[in-house]
Amino acid sequence: MALEFQDEEFRQACVELEFPQVDGWEFFVSSHGVTIYRLYNEASGLYQYKIYGVLDNVLPDVCADVYMDLEYRRQWDTYAKELYETEADGKKLIYWNVNFPFPLWNRDYVYRRELREIEHNGRKIWVVLARSQETPSIPEKSGIVRVDDYIQSAALTSDDKVGTKAYMRYYDNPKGNIPTWLINWAAKTGVPQFLTIMQKACRGYPEYLAKKAAS
């Protein structure tokens with residue numbers, strides 16, 4: 001059965017956004033206004049990551065809308081081969097098929113997510129939580145590796161200018177023999193690149209909505 005997200009999880013994301021909790025975490029990289037820390041997971045031999053940064057000239061409510069809009073993401077995220085919301089076991093779930101470089105197999109995810117707008121210490125913060133969800137209603141596909149150990153939290157608020165201050169915590173286990181260099185590239189280079197692309201997508205969102213409304 002699906003586990004509900006707890007109020008404390010949302011509160012903790014708000015705290016992290018204001019006061020980064022990085023004791024015991026290893027500084028990994030700082031690039032394009034994004035700073036990344038990582039923590040080794042002995043059980044999996046992989047790292048989880050905390051990401052802090054600012055998206056310039058993008059308001060946090062627009063950023064949250066873009067983050068949640070799966071149809072729009074299919075247009076701007078070239079790694080999203082399939083991405084849609086479905087219903088299974090009485091819950092709304094997301095199916096996400098991610099393009100991996102040849103010769104690696106694609107990975108797919110089935111997960112729950114929830115967005116809340118929270119007033120925290122006088123600030124409005126948009127928090128999105130996501131967690132993998134096993135369900136027999138969405139079986140694994142041949143030639144695609146199912147990622148069943150995935151968690152993500154993101155928090156967005158104003159940078160007190162015209163931008164968005166952002167925090168994200170991320171971990172997944174993609175399984176298989178993925179080269180260490182590729183995992184490091186995805187974290188060190190891919191994450192800042194993704195945020196740059198998302199920032200561009202946020203700026204183009206009003207035009208996208210206008211075209212969608214006119215069609």
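Is Y49 buried or exposed? Y49 counts as buried, at 9% relative accessibility. Buried here means under 20% relative accessible area, exposed means over 50%, and partly exposed is in between (1.4 Å probe, protein chains only).

A quick word on what you're looking at: this is a predicted model, where local features need pLDDT of at least 70, side-chain atom pairs count only at pLDDT 80 or more, and totals for chains, interfaces and linings use all residues. Residues are numbered from 1 along each chain as its sequence is written, and side-chain values use heavy atoms, with hydrogens and water left out.

Now for the rings. The structure holds 18 aromatic pairs. Rings of Phe, Tyr and Trp (its six-membered ring) pair if their centres lie within 6.5 Å; planes under 30 degrees apart count as stacked, over 60 as edge-to-face and the rest as tilted. Take F27 and Y37: their ring planes are at 75 degrees, with centres 5.9 Å apart, so this pair is edge-to-face. F27 itself is partly exposed, with a relative accessible area of 47%.

Back to Y49, which pairs with Y47 in a tilted arrangement, 6.5 Å centre to centre and 40 degrees between the planes. Y47 is partly exposed at 24% relative accessibility. A charge sits over a ring if NZ of Lys or CZ of Arg is within 6 Å of the ring centre and within 35 degrees of the ring normal. R107 does likewise, with its charged end over the ring of F100, 5.0 Å from the centre.

Finally, look for W96, Y109, Y111, Y150 and Y170, which form one aromatic cluster.
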